[in-house]
Amino acid sequence: MRRKTGTLFINPKIFGSLQKPCVKDMVTFLNCSTLNHNKDDKCSRQNSLLSACIESQSGKNRKPWGIINYHLQRLNRGRK
């Protein structure tokens with residue numbers, strides 16, 4: 001289903017991922033993996049740190065961005 005032209009819309013993919021808390025751990029793991037030619041046994045420490053960071057982030061409750069588009073369209077209808 002397509003959106004009507006002229007309606008307000010915020011792309012949640014752009015604004016939903018502003019904070020990237022696990023990037024530092026991911027970069028260290030990828031660097032270690034690259035230096036050791038993808039040998040997982042040599043990068044177990046970085047892998048465990050990355051896994052712990054990802055697990056801690058998955059438990060947080062995030063507000064869905066879909067509701068903001070509903071309210072923007074509702075407010076836009078009142079302006080016409």
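In this predicted model, the axes of helix H2 and helix H3 (residues 44-58) come within 9 Å and cross at roughly 155°. Axes here are lines fitted to C-alpha atoms, for helices over the stretch in contact, and the angles run from 0 to 180 degrees between N-to-C directions. H2 and H3 are therefore roughly antiparallel to each other, since angles over 145 degrees fall in that class, with those under 35 counted as roughly parallel, 65 to 115 as roughly perpendicular and the rest as oblique. The crossing of H2 past H3 is left-handed; this term applies if the near helix is turned anticlockwise from the far one by less than a right angle, and right-handed applies if clockwise. On the H2 side, the contact is made by Asp25, Met26, Thr28, Phe29 and Cys32. Gln46, Asn47, Leu49, Leu50 and Cys53 make it on the H3 side. Contact means heavy atoms within 4.5 Å. By class, the contact of H2 with H3 has 6 nonpolar, 3 polar and 1 charged residues. Here Ala, Val, Leu, Ile, Met, Phe, Trp, Tyr, Cys and Pro count as nonpolar, Asp, Glu, Lys and Arg as charged, and the others, Gly among them, as polar.

Residues are numbered from 1 along each chain as its sequence is written. Local features need pLDDT of at least 70, side-chain atom pairs count only at pLDDT 80 or more, totals for chains, interfaces and linings use all residues, and side-chain values use heavy atoms, with hydrogens and water left out.

Lys24 lies in helix H2, which spans residues 23-35, and is exposed, with a relative accessible area of 68%. For such values, buried means under 20% relative accessible area, exposed over 50%, and partly exposed in between (1.4 Å probe, protein chains only). Between the C-alpha atoms of Lys24 and Leu50 there are 8.8 Å in space, and the two residues are 26 apart in sequence. Leu30, also in H2, is partly exposed at 45%. Its C-alpha atom is separated by 9.2 Å from that of Asn47, 17 residues apart along the chain. Leaving aside neighbours within four places in sequence, Ser33 is in contact with Asn38 and Cys43.

In H3, Arg45 counts as exposed at 58% relative accessibility. The C-alpha atoms of Arg45 and Phe29 are 8.6 Å apart in space, with the residues 16 apart in sequence. The loop between H2 and H3 holds His37, where phi is near 55°, a positive value in a residue other than glycine. His37 is exposed, with a relative accessible area of 67%.

Turning to the chain as a whole, there are 4 helices and 0 strands, and the elements run α-α-α-α from the N terminus on. Helices (H or I, at least four residues) and strands (E, at least two) are DSSP runs, numbered from the N terminus. Of the 80 residues of the chain, 14% count as buried. The accessible surface comes to about 7,300 Å², of which 56% belongs to carbon and sulfur atoms; these areas come from the Shrake-Rupley method with a 1.4 Å probe, and for residues only the protein chains shown count as cover. Among the contacts in the chain with a separation of 6 or more, 67% are accounted for by residues 24 or more positions apart.

Arg77 has its place in helix H4 (residues 66-79) and is exposed, with a relative accessible area of 56%.
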